[in-house]
Amino acid sequence: MLRLIIAAVIALVALFGYFSRTSVNPLTGETQRVALSPEQEIALGARSAPEMAAQMGGLSRDARAAALVQRVGRRLVSQSIAAKSPYQYSFHLLADQRTVNAFALPGGPIFITEGLLRLLKTEGELAAVLGHEIGHVIARHSSERLAKQQLTQGLVGALVVGSGDYTAAQVGQMVGGMINMRYGREDEIESDALGIRIAAEAGYDPRAMVRVMEVLAKASGGSRQPEFFSTHPAPENRAQRIREEIEKRFPGGPGPAATP
């Protein structure tokens with residue numbers, strides 16, 4: 001009986017902690033449950049960026065390509081909704097030529113590999129990729145997922161204490177992982193929509209994001225699955241959603257002046 005009472009207390013503490021962390025995102029209007037404040041996100045991203053770069057072969061030595069990534073990134077931030085966010089954006093080209101990936105850390109550091117950059121044909125396609133990653137930062141997806149992981153860990157701990165069965169804990173962790181992954185994939189769809197908005201506000205043709213999906217779909221045809229797909233939904237599943245979002249936001253088209 002005592003064991004069950006302790007388990008119930010652990011579960012209640014985890015649930016209270018999760019549901020008490022409610023915040024309204026001023027840029028998206030979404031009510032979120034997050035584990036970190038914006039200041040904490042910025043600090044975490046700044047601490048993590050050097051280690052992340054080192055894990056992927058360090059920063060690129062291609063000064064011209066790195067400058068392009070930084071220029072496009074700064075344009076996206078300065079001319080879009082991202083300028084209203086509190087985050088400290090920085091844009092980095094990684095030396096990894098084999099991995100096809102791009103990702104954002106909490107608080108603003110954004111990375112793209114040489115392996116992905118070399119597949120992109122236009123500045124607009126690069127803007128689509130970076131805009132998507134900026135969307136992750138604006139939407140505070142890292143802080144949301146951390147809060148969900150903390151909830152999962154708390155509930156799994158309660159399950160272990162209550163049942164005394166490690167096998168049950170393994171099942172709980174598996175289910176929790178599946179739940180967190182599902183939410184993560186929904187985050188990707190939200191970031192696509194934000195990326196479309198950010199790119200268009202900065203003067204880029206948002207239809208470039210559809211071309212990026214085509215590039216990624218083609219890249220997946222080889223024997224080596226791009227790392228991009230470990231964290232992102234398959235491009236075939238996203239392309240149609242992206243077309244629908246563009247049509248909804250720009251029923252007459254984005255206009256001829258948009259950078260392709």
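User: Which cut-offs define a residue as buried, exposed or partly exposed?

Analyst: Buried means under 20% relative accessible area, exposed over 50%, and partly exposed in between (1.4 Å probe, protein chains only). The model is predicted: local features need pLDDT of at least 70, side-chain atom pairs count only at pLDDT 80 or more, and totals for chains, interfaces and linings use all residues. Residues are numbered from 1 along each chain as its sequence is written, and side-chain values use heavy atoms, with hydrogens and water left out.

User: Is Asp 192 buried or exposed?

Analyst: Asp 192 counts as buried because its relative accessibility is 4%. Asp 192 lies in helix H7 (residues 166-201); helices are DSSP runs of H or I, at least four residues, numbered from the N terminus.

User: Which residues does Asp 192 touch?

Analyst: Contact means heavy atoms within 4.5 Å. Leaving aside residues up to four places away in sequence, Asp 192 touches His 132, Met 209, Arg 238 and Ile 242.

User: Why do the buried residues of H3 line one face of the helix?

Analyst: An α-helix has 3.6 residues a turn, so residues three or four places apart point the same way. In H3 the buried residues are Ala 65, Ala 66, Val 69, Val 72, Gly 73, Leu 76 and Val 77. Viewed down the axis of H3, these fall within an arc of 135°, so they line one face; the arc is that of the directions from the helix axis to the C-beta atoms. On the other side of H3, Ala 63, Arg 64, Arg 74 and Ser 78 are exposed.

User: How many residues of H5 are buried?

Analyst: H5 is mostly covered, with 15 of its 16 residues buried. Just after H5, Arg 140 takes a positive phi of about 60°.

Terms used
Helix = DSSP H or I, 4+ residues; strand = E, 2+ residues; numbered from the N terminus.
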